[in-house]
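Visitor: I am new to reading structures. Could you take me through one, feature by feature?

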Amino acid sequence: HAVIVGGFWNTANGEYSLGDLPPSEYVVSFYSFEGSYVPQSTTTTVGEGAVDTVNAALKEGGKISGTVTSAVTHSGLAKIRVSVSNSNPEEEGFYAAAKTNANGEYTITGLRNGSYKVRFEWEYSEAEYKACEHVPQCPPQYITQYFNNQPSAATANSVGASEGSVTSGINAAMVPAAPVNTALPVVSGTPTVGSLLSCSNGSWTGESE
């Protein structure tokens, strides 16, 4: 895993060196390029001509994983962006994200101990974004939702994460934004001349215009 230290890459054996720094107080930050480890920062003061040694032992972060499927076909969905934010609104939100693979599977890594809100949303490809540049509205193919089939962060079920372990089974069944019929309309009444018939709307999923 590559680690960036104050804007510099570390070597293969974990060593790093930052030179030509004027005397001052500095914040040295360590974080994994692949996001698997919990970021860490420390403050140090460097004097004139002095060499200060700042070491760090990064901890592997917690993981949240699951599978995203279509609520209609029940098959795995690729191109779904899964993101997490701190579920405590009084704390600064920690944000991380991942994208589902061809089977609809995802894993978010590098999480601190805590409770998170998990968001599932359709992610456009670059080609799809370009195709929509001159279209007034270009709705996503699936309705954004939060865990556990919740419409907003306010109602979302929180998911816990612990450093060094995996919280699995955080799944979602995405509902297409386009209308999908789940129960056919039904005509009722006696089909005779002069008889009044009625018809139900049936049941549909999707977003209304």
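Visitor: In which strand does Ser65 lie?

Guide: This is a predicted model. In it, Ser65 belongs to strand E5, which covers residues 62-70.

Visitor: Is Ser65 buried or exposed?

Guide: Buried means under 20% relative accessible area. Ser65 has 14% relative accessibility, so Ser65 counts as buried.

Visitor: Which residues is Ser65 in contact with, leaving aside its neighbours within four places in sequence?

Guide: Contact means heavy atoms within 4.5 Å. For Ser65 the list is Tyr106, Thr107, Val166, Thr167, Ser168, Gly169 and Ile170.

Visitor: And for the protein chain, what part of the contacts with a separation of 6 or more comes from residues 24 or more positions apart?

Guide: Such residues account for 60% of those contacts.

Visitor: How many aromatic pairs does the structure hold?

Guide: There are three aromatic pairs. One of them joins Tyr16 and Phe30, with 5.8 Å from centre to centre and 75° between the planes. Planes over 60 degrees apart count as edge-to-face, and the pair of Tyr16 and Phe30 is edge-to-face.

Visitor: Where in the chain do Tyr16 and Phe30 sit?

Guide: Tyr16 is in the loop between strand E2 (8-9) and strand E3 (24-32), while Phe30 is in strand E3. The two are 14 residues apart, and their pair links distant parts of the chain.

Visitor: How is each of them classed by accessibility, Tyr16 and Phe30?

Guide: Tyr16 has a relative accessible area of 26% and is partly exposed. Phe30 has 4% relative accessibility, so Phe30 counts as buried.

Visitor: Why is the pair of Tyr106 and Phe120 edge-to-face?

Guide: The ring centres of Tyr106 and Phe120 are 6.1 Å apart and the planes stand at 80°, so the pair is edge-to-face. Tyr106 is in strand E8 (residues 105-111) and Phe120 in strand E9 (residues 114-122), so the pair ties together parts 14 residues apart in sequence. Both Tyr106 and Phe120 are buried.

Key: Residues numbered from 1 in each chain as written. Predicted model: local features only at pLDDT ≥ 70, side-chain atom pairs only at ≥ 80, totals over all residues. Heavy atoms only, no water. Phe/Tyr/Trp six-rings, centres within 6.5 Å; stacked < 30°, edge-to-face > 60°. Helix = DSSP H or I, 4+ residues; strand = E, 2+ residues; numbered from the N terminus. Buried < 20%, exposed > 50% of the residue type's maximum accessible area, 1.4 Å probe, protein only.
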